[in-house]
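Student: Please show me how to read features of this kind from a model, taking each idea in general before turning to the case at hand.

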Amino acid sequence: MADDSAQEKTEEATPRRLEKAREEGQVPRSKELTTSAVLIAGTVGLVMFGGVLAGQLMKVIEFNFNLSREAIFDTSQMFAQLGASFWYALLGLIPFFAIVLLAAVAGPVALGGWLFSAKALAPKLDRIDPMKGLGRMFSAKSLVELVKAIGKVLIVIAVAYFVMQATKESLMGLADEGVQQGIVHSVTLSAWAAVIISCATIFIAMIDIPFQIYDHAKKLKMSRQDIKDEMKDTEGKPEVKGKIRQMQMQMAQNRMMQSVPEADVVITNPTHYSVALKYKPDMMDTPILVAKGVDHIALKIREVAKLNEIDFVESPALARSIYHTTEIDQEIPQGLYLAVAQVLAYVFQLRDYRKGRGEKPKYPRSPQIPPDLRYD
């Protein structure tokens, strides 16, 4: 049962899964939103630029009907006439095409954002698999699409009915108007009716958008095992990470060992702990820890210090305190100033004694360690 629950896709998609899906062109899209945007833009465009379009078409008609006798019988004028007619028509259609094109782009971008993915254009064999095709035909998504199609038809019919009822008197009054006025009035009524009916598709789009977002999130859901596998791929396998950490520790130890010859004293436990301190009175105010370690690392510190003729001082309490309270290349805590000063004073006096200056110093007593810095 544990394996089954691990394979159930119950977890929300991770940011990496969402990013990967986007790279493959998988984003929520609503065809209904695009259709609604194009229909509304198209009908509004006709209302806004219908006069311009009609004017340009009238120019085309006038241009082609007002031909001289020579032009009618001159076949070489045919392409020139056609080109001029095309140009007149294009000038009238450009504003309308522009607003429809803008809506066709804005519709998909409004849900899912701007995205171009070559992977989405790659051919997929499962799209031509007849069995999978049948499965898609009788899937829940196909049922939703059928319901949306029926809903669109019903909504459009209902809105069209109410529009006709609302404009019934105006439509009946067209018979009493003059020809030119009647044409203009009928075109205006038809255009605004088309706008209102097109706006009815917004209701279908508002239903489809949440469904597409839900369906997209459902497709990208992951099982617990998927999340674990992704973490392994992203962060690396545990054994590889362990090896990397081991190499990093080894490099850090090597750098630390290179600093041991710069130390002035090594304070030991004497067997389990070793800490190496550096203090240059003319360059620093406080002693600095250059190396520390326990067990075999402590032994290695002592070996390097011995090769470089660095003095040792056995002080178990002080060694443990410095090890637990101070990091590499950091100054020792203020509470240990006096204890470390006693050790350094002994070391510096011992150096002078070896050079024939002064008396042999006494080995430092066990220093006093503040209770909050003791690690027994």
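**Burial, contacts and ring pairs**

Tutor: Asp-295 is partly exposed, because its relative accessible area of 44% falls between the two limits (buried is under 20%, exposed is over 50%, with a 1.4 Å probe and protein chains only). The model is a predicted one, in which local features need pLDDT of at least 70 and side-chain atom pairs count only at pLDDT 80 or more, while totals for chains, interfaces and linings use all residues. Residues are numbered from 1 along each chain as its sequence is written, and side-chain values use heavy atoms, with hydrogens and water left out.

Student: What share of the residues is buried, and what share of the contacts joins residues 24 or more positions apart?

Tutor: Of the 376 residues in the protein, 29% are buried. As for contacts (heavy atoms within 4.5 Å), one counts those with a separation of 6 or more, and residues 24 or more positions apart account for 75% of them.

Student: Is Ser-315 buried or exposed, and which residues does Ser-315 touch?

Tutor: Ser-315, which has its place in the loop between strand S4 (311-314) and helix H15, is buried, since its relative accessible area is 7%. Once residues up to four places away in sequence are set aside, Ser-315 touches Ile-267, Thr-268 and Pro-367.

Student: Where is Thr-326 found, and is Thr-326 buried or exposed?

Tutor: Thr-326 lies in the loop that leads from helix H15 (316-325) to H16, and with a relative accessibility of 1% this residue counts as buried. Leaving out the neighbours within four places in sequence, one finds Thr-326 in contact with Leu-289, Lys-292, Glu-331, Ile-332 and Pro-333.

Student: How many aromatic pairs does the structure hold?

Tutor: Rings of Phe, Tyr and Trp (its six-membered ring) pair if their centres lie within 6.5 Å, and planes under 30 degrees apart are stacked, those over 60 edge-to-face and the rest tilted. The structure holds four such pairs. One of them joins Phe-96 and Phe-97, whose ring centres are 6.0 Å apart and whose planes stand at 50°, so this pair is tilted.

Student: What kind of pair do Tyr-346 and Tyr-363 form?

Tutor: Tyr-346 and Tyr-363 form an edge-to-face pair, with 5.3 Å from centre to centre and 70° between the planes. This pair links distant parts of the chain, since Tyr-346 is in helix H16 (residues 337-354) and Tyr-363 is in the segment after H16, 17 residues apart. Tyr-346 counts as buried, with a relative accessibility of 12%, while Tyr-363, with 44%, counts as partly exposed.

Key. Helix = DSSP H or I, 4+ residues; strand = E, 2+ residues; numbered from the N terminus.
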